[in-house]
Structure formats: C-alpha cells, structure tokens
Amino acid sequence: MTEKSFNAVKNIFLSLTLFLLTAGPLAFGQTDTLRYAVRGTVVDATGGKPLPYVSVTLSGTNYATVTNQDGAFVIKSDTPPHFVSFSLLGYKSQTVPADREQMMRVSLTRGEFTLDPAQVISGDPLALLREAIYRIPDNCPDEAELFDCFYRETAQKRQRFIYVSEAVTRMYKTPFRLNFGQDRAAVEKSRLLTSPRRSDTLAVKVLGGPTQAVDLDLVKNRAIILNERDLENYRLELLDPVMLDERRQFVIRLIPAADLPYALHNGLVYLDQETLAFSRIELSLDVSDADKATYAMLVRKPMDIRFRPKEMSLVLNYKREDGKSRLSYVRTVFRFNCDARRRLFSTEYTAVAEMVVTNRYPSSEVVPIDRKDAFRSSDILADKTRTYFDPDFWKDYNIIEPTESLENAIGRLRKE
C-alpha cells in the first residue's frame, strides 16, 4: 500500500479526536416485540473463570450476541427460545436448553485438538492466504443482506469511565462479488453519557463509530492487509492449528517486514481448514515508532496536548452459517497517554468500541439503506446522539450486557 492510499484508508480504523466533554444523560423509547429473554454467565469449566466474547445464539433463530468481560449475557427473542448455543476460539462449542426462569451458568471446556501421527500440517502460508482471498466470493453471501447490530463505545481515564455511547444500528451489505462501497449502516436509536467533571474534559471522539460493521469488514474491504501489495510488506508464519465451532483452523501470523513511512500491523488470521473461509482476524498496530503510530491513530488534538500511543488493536469474528461466512463481531481498542505540556505526569486513556450483529433479516425483508439515512464514516456518534433518559431504552433489543464495572460507572455518572 502506498502512502497516498494509506492516507485514504487509515481512518477505516477507529480514529481519535481529542475534545472537550459536555455532560449529558441517556435516552429513548421503543416498541415491544422481543418478549422472551435468557440470561446467564459463561465460565471456563476447569477454573470457573468468566469467559468474555463468547458467541451466543438462539438455535433456530438469527438472534445473537456476545458475553461481556464478566462472561455475562442476555439474549432476547420474539418466540419462546428452546436452545442456546455457545462458541469461543479454543473451546468446544456447546448447545444447552434455554432456561428463562433463572440465571444460566454454562461451562465450556477447552477444545482437544489431536492429529494423526502421520498427518503433518505444512504448507506455504502466503499461498494459503492467497487462496483464501480468491475463495471469498464463494465463502461469503452472494445476495444482499440486512442486519440489526448493537454498538457501544467507551472512554476511560485510568480505570474510571468518563464517556459511554451506545446505538442500535442497521447494516446493509451487498453481495460479496460487488464493491463494498454500496454497503451502509444507519443508526436506529442511540444514547450518550459523559462526565461533567472539569478534570475529565480531555477524552476522545470516535470517527465513524457505527460504520465499523461496514468499513472494518476486512474480508470484503481489502484496502488494508488482504491485498497483494500489502502482503508483500509482511513475513508470514503458519502456526499450530486451533478449533473454532468444532472446525479446525489454520493460523497464520503476520509480522511487519518492511520499513515504510507508515506503521504496519502485527496480526493473526484464522482460516477454516476445509473451506479456507476467514474465521477471525486480529491486528495490532506496531507502536514501536511513536511518530508513525500517532499518525495512524490521531486525527487532531489541542496544540498544548502531548500524545503517546500505546495500543491500537482490532478483532474481527466471522460466523459460518448456512454454508456462508459473515462478520459477527468487531472490537477496537485505543490506549494512549496524554497530558498538557505544563504537567509533570501523563494520564492513560483507553477508548474501546465494539459491535455485534444481533439479527439477520430474512431475504424477503432486505431493503437497501437510503443514502440520506446512512451514517457516514466521517460522522461522530457523540455529536449526533440526543441526551435524554428512558429506563426501558434497551427493552426491545439484543445488546452486549454491560459489565459490572460499566453499570457502576453509569450509576456514578448519572448522579454527577
């Protein structure tokens, strides 16, 4: 990728603008169709440790979510749910009867991966990746699709939350044989909560937030990484295979191998061994050169603020269903130190954005999102979100359950 093309696509990743916070509570009303809910916690069967980011689906429906960092989930349906399925990289998938009467506790066991002694996993990782890219049109949907999504972005100053923004969105995707430029996202409803403390006035704005489901689908939008020009800048290694959804996965590591004017990424790519469909992509910006990393992460900041990049990472999960692979979850993390030049010590800030696909519409209900209704990659959710409170805001939607720490933070920010 040339520096010119890098400038054109660098904002595909969640980008930051330092800004002054204004106080505001939360928001909105809804219809009442998702009347049935299942709640619970997913833990590791060996030590009982809560498992975050577990994919949770209601069998026989298109409803889905993921567990939060506490391993907790809530999933809703318009019909009584009978079974709930759980899957996580490195663990055995499990389907259990749904229990709407009490909190469920589901234990996942590590997936045992055994190979016949005569079987040797070998091969050229670059050739595997090229073949996987070539097969994308066959492994991904060949007709337009419409999805419901839940999006959340937060900012923390040290360990304390100072900003929370959430939205229910719709995502329209054209067939994978077409250009992703016609794909769009629209915000159905959103809410915002920010800290009123003067000491918390420095935070971040997330550029394009809800469009992550469109812009960050790197399997469809191959302007970054998954193209011949970019792959030339990386050394590839084939690692030991792992299991996901009871299917063996090739694991390919990407290591920066070129000195360019912009920062590259360290990464892991997971490919289904049978179909070579993309199952998961993990990228982490190389921050060893602070100037290059800052250029990739930061859009603008006040003149008297010093910015020190610490982390910019991306995780994409793809779910295989009906023989096709679809984006199901996106998480981006920004971590940086920031301070005014007159201060002796800097403060660490963390900005996290995550999006989960919660429902896929039947083909008979798929309609494009009108351009005038679409959320743009240059838009900022915090600037467009109304700030009023409704205690039943998420009553009719599937969401990522707030962590205990986030719930406590929301309670404190409301009191402030």
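Two strands count as paired if DSSP finds at least two bridges between them. The legends below describe close-up views of a predicted model.

View 1. Strand 3, residues 55-58, is joined to strand 4 by three bridges, and the two run antiparallel. Within this pair, Thr57 stands opposite Ala64 of strand 4. The sheet to which they belong is open, with the strand order 4-3-6-7 and antiparallel pairing. Its edges are formed by strand 4 (64-66) and strand 7 (94-97), each of which pairs on one side only. On average, neighbouring strands of this sheet are turned by 25° against each other, direction ignored.

View 2. Strand 2, residues 36-44, pairs with strand 8 in the parallel sense over five bridges. Here Asp44 is found opposite Leu108 of strand 8.

**View 3. The largest cavity has a volume of about 150 Å³.** The structure holds six cavities of 30 Å³ or more, and the largest of them has a volume of about 150 Å³. Its lining comprises 14 residues, of which Ser55, Ser87, Leu244, Asn317 and Ser328 are the closest to the centre. Strand 18 (305-321) and strand 19 (324-340) each contribute at least two residues to this lining. The largest share, three residues, comes from strand 18. Sorted by class, the lining of the largest cavity has seven nonpolar, four polar and three charged residues.

View 4. Strand 16, residues 278-285, is mostly covered, with seven of its eight residues buried. Strand 15 (residues 265-272) runs antiparallel to strand 16 and is joined to it by seven bridges. The two strands form a hairpin with five residues between them, and Leu276 in the turn has a positive phi of about 60°. Strand 16 is also joined to strand 18 by five bridges, again in an antiparallel arrangement.

**View 5. Cys140, Cys149 and Ala167 are buried residues.** Cys140 has a relative accessible area of 4% and is therefore buried, the limit being under 20%. Cys149 is likewise buried, because its relative accessible area is 2%. A disulfide is a covalent bond between the sulfur atoms of two cysteines. With a cut-off of 2.5 Å between cysteine sulfur atoms, the count of disulfides in the model comes to zero. Ala167 lies in strand 10, residues 160-173, and counts as buried because its relative accessibility is 0%. Ala167 and Cys149 are 18 residues apart in sequence, while their C-alpha atoms are 8.3 Å apart in space.

Technical notes
Residues numbered from 1 in each chain as written. Predicted model: local features only at pLDDT ≥ 70, side-chain atom pairs only at ≥ 80, totals over all residues. Heavy atoms only, no water. Helix = DSSP H or I, 4+ residues; strand = E, 2+ residues; numbered from the N terminus. Axes fitted to C-alpha atoms, helices over the stretch in contact; angles between N-to-C directions. 1 Å grid on protein atoms, 1.4 Å probe; cavity = no way out; pocket = protein on both sides within 12 Å on 5 of 7 lines; lining within 4 Å. Points joined across faces, edges and corners; volume = space filled by probe spheres on them. Nonpolar A, V, L, I, M, F, W, Y, C, P; charged D, E, K, R; others polar. Buried < 20%, exposed > 50% of the residue type's maximum accessible area, 1.4 Å probe, protein only.
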